Amino acid sequence: MSPFKLQCHFILIFLVALRGESRYLELRETGDHDPFLLFSADLKRELAGEQLYRRALRCLDMLSLQGQFTFTADRPQLHCAAFFISAPEEFITIHYDLVSIDCQGGDFLKVFDGWILKGEKFPSSQDHPLPTTERYIDFCESGLSRRSIRSSQNVAMIFFRVHEPGNGFTLTIRTDPNLFPCNVISQTPNGRFTLVVPHQHRNCSFSIIYPVAIKISDVTLGHLNGLQLKKPSTGCEGKGDFVELLGGAGLDPSKMMPLADLCYPFHGPAQMKIGCDNVVVRVISSGKHINRVTFEYRQLEPYELENPNGNSIREFCLSGL
């Protein structure tokens, strides 16, 4: 397994990345709180009611649920982060209910608009509407003047450091509808999605953090059919609107290998197996047209990774498998 296998092992890998070690047994405490809450159907049914879900927040955590979460240090906690993910068609709002930290003593609490891991960001700097410096919101600088912070996509995170036992904070996570989701990390290894960019000059990425078989069924671009594998002398350069498939072993789409281009309207299906840890469907838009791509994806089975056949791309990703 490569260092970036972000399947059901997200939390363990984040811990290694943040702390430079593999002490993750603290996350395996009694099963009162499953760190992978996005898989809990019973809990999601419970949240469908009016009652606000509440639980403690760990030094390293991952959540996909609305609710109120409280972190209280029981010892100095110096390298902490919580990753939030919602449905593709949602924004995430982080609201500070109570903050008790010592900023002068070296504590901090920062929100990042997106995810960042080992220096790689999602969305990438090329795809996000804000410069990187503006994607960080530091409580110790802004205080409660920015009590609620809304993400630009379906993922966000916080970094925090608390030295004094007993100090900490409480925050509430809410989600709001996003009519035209642009940058998305998929919650699941299988699914179907339509990425629409309506007359906006921006790039939008849909990230699937699994090796997948991906089937593109429809592409609507502002300008006439074809899927072509990426070659040094070919591509979609000069086209203002196109779709590209990317693969890699990191989080940042701008650092991934271009695998295929879709330069023209296309009515599939076209299918490809991509054995990379992270597969991204990316739409580049000039802002002059309404661009749309519809695709389905499913996680590759182990035997498919070991014995590829048909239309598959593995050579760029073999080092991670």
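**View 1. Lysine 118 in the loop between strand 7 (115–117) and strand 8.** Strands here are DSSP runs of E with at least two residues, and helices are runs of H or I with at least four, numbered from the N terminus. This is a predicted model, where local features need pLDDT of at least 70, side-chain atom pairs count only at pLDDT 80 or more, and totals for chains, interfaces and linings use all residues. Residues are numbered from 1 along each chain as its sequence is written, and side-chain values use heavy atoms, leaving out hydrogens and water. Lysine 118 isn't a glycine, yet its phi is positive, about 50°. Most residues other than glycine have a negative phi. Lysine 118 is also exposed, at 65% relative accessible area (exposed is over 50%, buried under 20%, partly exposed in between, with a 1.4 Å probe and protein chains only).

**View 2. Histidine 199, in the loop between strand 14 and strand 15.** Here's another non-glycine residue with a positive phi, about 50°.

**View 3. A cis peptide bond from phenylalanine 122 to proline 123.** Omega is near -10°. Look for proline 123 in the loop between strand 8 (120–122) and helix 3 (132–135). Most peptide bonds are trans.

**View 4. The largest nonpolar core, with 30 residues.** Such a core is a set of buried Ala, Val, Leu, Ile, Met, Phe, Trp, Tyr and Cys residues joined through side-chain atoms within 4.5 Å. Ile214, Val293 and Phe295 touch the most other members. Strands supplying at least two residues each include strand 14 (191–198) and strand 22 (290–299). Apart from this core lies another, of 28 residues, among them Cys80 and Tyr96.
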